[in-house]
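Me: I'm new to reading protein structures. Could you walk me through one?

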Amino acid sequence: MLEKVENFHFYEVVFYLLFSLQGTSQTGLLAESLIWEYVVQISSLIRTLHAVSLSCRCLHLSRILVDGDSKTGRSKSRIWLSGVGIADILEGTINGTIHQHIQNDLQDFGRLILMLACNSIVGAQKEHLQTSLEIVQRSYSHDLKNLIL
């Protein structure tokens, strides 16, 4: 069953207080191994699109679907991205250059990983950025922090 990453992780914080979920640490943050699982799959998708001079233009929690249930110990979750190319169809033409869209994809990817690492939808907003980066630095590896930056 496909479910948005946004619903899969972020709306279960209340339930975390009542039940311990696999894939979530004692602090309520996602396990680093789960974040890396998502990073590998999303970066592969981005790399595939960019290799043929296309961009995602839709890297947002509401557009990423997860198939599988890492919380119950089932096999690895598979990530799906919905809405690729929709912006181009709706606009009729590609606004800006492909290089600018590719740069925006990479920035959106960093914001997405930061939101996952902080387990907060507002984690990548400017006013919360410093706090979010401190959470990542305290709770995760140096490699994950470098990826986000």
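Me: Is Gly83 buried, exposed or partly exposed?

Reply: Buried means under 20% relative accessible area, exposed over 50%, and partly exposed in between, found with a 1.4 Å probe and with protein chains only. Gly83 is partly exposed, because its relative accessible area is 23%. Before we go on, please keep in mind that this is a predicted model: local features need pLDDT of at least 70 and side-chain atom pairs count only at pLDDT 80 or more, while totals for chains, interfaces and linings use all residues. Residues are numbered from 1 along each chain as its sequence is written, and side-chain values use heavy atoms, with hydrogens and water left out.

Me: Where does Gly83 lie, and which residues is it in contact with, leaving aside neighbours within four places in sequence?

Reply: Helices (H or I, at least four residues) and strands (E, at least two) are DSSP runs, numbered from the N terminus. Gly83 lies in the loop between strand E3 and helix H4 (86-91). Contact means heavy atoms within 4.5 Å. With neighbours within four places in sequence left aside, Gly83 is in contact with Cys58 and Arg63. Gly83 and Arg57 are 26 residues apart in sequence, with 8.6 Å between their C-alpha atoms.

Me: How many helices and strands does the protein chain have?

Reply: There are seven helices and three strands. Along the sequence they follow the pattern β-α-α-α-β-β-α-α-α-α. Of the 149 residues in the chain, 39% are buried. If you take contacts between residues at least 6 apart in sequence, 65% of them join residues at least 24 apart.

Me: Which residues of H3 are buried?

Reply: Among them are Leu34, Ile35, Ile42 and Leu49. Glu37 and His50 are also buried in H3. In H5, the buried residues include His101, Asp105, Phe109 and Ile113.

Me: Which residues touch the most other members of the largest nonpolar core?

Reply: A nonpolar core is a set of buried Ala, Val, Leu, Ile, Met, Phe, Trp, Tyr and Cys residues joined through side-chain atoms within 4.5 Å. The largest one here has 32 residues, and Ile35, Ile42, Ile113 and Tyr140 touch the most other members. Elements that each supply at least two residues include helix H3 (32-51), strand E2 (64-67), strand E3 (78-81) and helix H5 (98-118). H5 gives the largest share, eight residues. Tyr140 touches Leu29, Leu30, Glu32, Ile35 and Ala117, not counting residues up to four places away in sequence.

Me: What are the covered and uncovered faces of E3?

Reply: In a regular strand the side chains alternate between the two faces of the sheet. In E3, Ile79 and Leu81 form the covered face, and Arg78 and Trp80 the uncovered one. Two strands pair if DSSP finds at least two bridges between them. E2 and E3 run antiparallel and are joined by four bridges. Leu65 stands opposite Trp80 in E3.

Me: Which side chains meet in a salt bridge?

Reply: A salt bridge is a side-chain nitrogen of Lys or Arg within 4 Å of a carboxyl oxygen of Asp or Glu. The structure holds one. Its partners are Arg111 and Asp108, at 2.7 Å, N to O. Both lie in H5, three residues apart, about one turn of the helix. Arg111 counts as partly exposed because its relative accessibility is 37%.

Me: What is the phi of Ser53?

Reply: Most residues other than glycine have a negative phi. Ser53 has a positive phi, near 60°, and is found in the loop between H3 and E2. Ser53 is partly exposed, because its relative accessibility is 49%. Arg57 also has a positive phi, near 60°, and lies in the loop between H3 and E2. H5 is followed by Asn119, whose phi is positive, near 55°.
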